[in-house]
Amino acid sequence: MSGFEGSYLGANDRIGALAVMECKICWTPYDPAVGDDFRQILPGTPFSALPEDWGCPNCGAPKNQFMVLSDPEAEAASGEVAERVARLVSDFEDIWHSRMRDVPLVNKSLHVEAVGFRLHEGRPLGVLVAPWFMNLVMLPGPDEDWSALTPGAKEQIAFPSGEYEFIHNVRTMGGGYKACSLFSPMSDFNSQLQAVEVARAVMLALFDEGVRAETDRAADIRALREAELAPPPPPALDPEPSRRAVITAGMAEG
């Protein structure tokens, strides 16, 4: 199902086994519980398991022209994500009202809001906006217990756009979570709407492989420019410097 144009922005793996799909050309549904007599597809066959050459039995449209009509698994997951995210928001609203409201660096035009949370590899992932920070936040999956995470511990987590450093933490109400800092403080944001728009852009860019390529190119360009501006190295006294000299010079540059 490469090139799928339907729901979930083309993420085929997010279509549940019980999802009822609908042709967006002629509105003919495909229900896994029924199958497809025309192609001898047995009842119980998920849409994702249909042959690559399967098409709409009414108009012949290919699989990539089908949209999600209903998906019980996704709807259940959405409810679970909403419950976990609500606890996270409540935790930080409590911090805001009890400890942060009078801190000078906070942006009082902002409030605590969860943006763009979705399931990623079975775990809720999204952006948490607060008057004093914006973080990418990952919550545990339904069968995971992160209450034993060590606050302050660091972990590299890979996404299509690259690897990012997450810091572990545990809250009383929401339990354990992992956070990647995006902005702190939040003084550059003029409104909640602006902060939310940036958070949504982050969630899109996170899964865009092109961002990794652009970042790599930017790093290469920056390295070349720095090399051009660097003063010429002093003449070497030893044309074959020792391994120790090379290592210590590298450490000095860092």
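The lining of the second largest pocket divides into nine nonpolar, three polar and three charged residues, where Ala, Val, Leu, Ile, Met, Phe, Trp, Tyr, Cys and Pro count as nonpolar, Asp, Glu, Lys and Arg as charged, and the others, Gly among them, as polar. The lining comprises 15 residues, and those nearest the centre of the pocket are Asn135, Ile167, Asn169, Tyr177 and Ala179. Two or more lining residues come from each of helix H1 (72-100), strand S6 (133-138), strand S8 (162-171) and strand S9 (175-183). The space in this second largest pocket is about 280 Å³. Here a pocket is, on a 1 Å grid over the protein atoms alone, an open set of points where a 1.4 Å probe fits, with protein on both sides within 12 Å along at least five of seven lines, and lining residues have an atom within 4 Å of a point. Grid points are joined across faces, edges and corners, and the volume is the space filled by probe spheres set on the points.

The structure is a predicted model, in which local features need pLDDT of at least 70 and side-chain atom pairs count only at pLDDT 80 or more, while totals for chains, interfaces and linings use all residues. Residues are numbered from 1 along each chain as its sequence is written, and side-chain values use heavy atoms, with hydrogens and water left out.

The protein contains four helices and nine strands, the helices (H or I, at least four residues) and strands (E, at least two) being DSSP runs numbered from the N terminus. Read from the N terminus, the order of these elements is β-β-β-α-β-β-β-β-β-β-α-α-α. Among the 254 residues of the protein, 35% count as buried, a term that means under 20% relative accessible area, with exposed meaning over 50% and partly exposed in between (1.4 Å probe, protein chains only). The protein exposes about 15,500 Å², of which carbon and sulfur atoms supply 55%; accessible areas come from the Shrake-Rupley method with a 1.4 Å probe, and for residues only the protein chains shown count as cover. Of the contacts in the protein with a separation of 6 or more, 53% are between residues 24 or more positions apart, a contact being heavy atoms within 4.5 Å.

Within helix H1 lies Arg84, which is buried with a relative accessible area of 16%. When its neighbours within four places in sequence are left aside, Arg84 is in contact with Pro124, Leu139, Pro140, Gly141 and Pro142.

The loop between S2 and S3 holds both Trp54 and Asp53. Trp54 is buried, at 2% relative accessibility, whereas Asp53 is exposed, with a relative accessible area of 59%. Not counting residues up to four places away in sequence, Trp54 touches Tyr30, Asp36, Arg39, Ile41, Phe47, Pro62, Lys63 and Phe66. Ile41, one of these residues, is 13 residues from Trp54 along the chain, and the C-alpha atoms of the two are separated by 9.7 Å. Lys63, also touched by Trp54, is ten residues from Asp53 in sequence, with a C-alpha to C-alpha distance of 8.0 Å.

Attention then turns to the backbone. Most residues other than glycine have a negative phi, and most peptide bonds are trans. Gln40, in the loop between S2 and strand S3 (66-70), has a positive phi near 55 degrees and is exposed at 70% relative accessibility. Trp27 has a positive phi near 70 degrees; Trp27 is placed in the loop between strand S1 (20-23) and strand S2 (29-30) and is exposed at 56% relative accessibility. A cis peptide bond, with omega about 0 degrees, joins Ser184 and Pro185, and Pro185 is found in the loop between S9 and helix H2 (192-206).

A search of the whole structure for disulfides, defined as pairs of cysteine sulfur atoms within 2.5 Å, finds zero. Cys23 is in no disulfide, and the cysteine sulfur nearest to that of Cys23 belongs to Cys59, 3.7 Å away. For Cys59, the closest cysteine sulfur is that of Cys26, at 3.7 Å, which is too far for a bond. Cys23 is buried, with a relative accessible area of 0%, while Cys59 is partly exposed at 37% relative accessibility.
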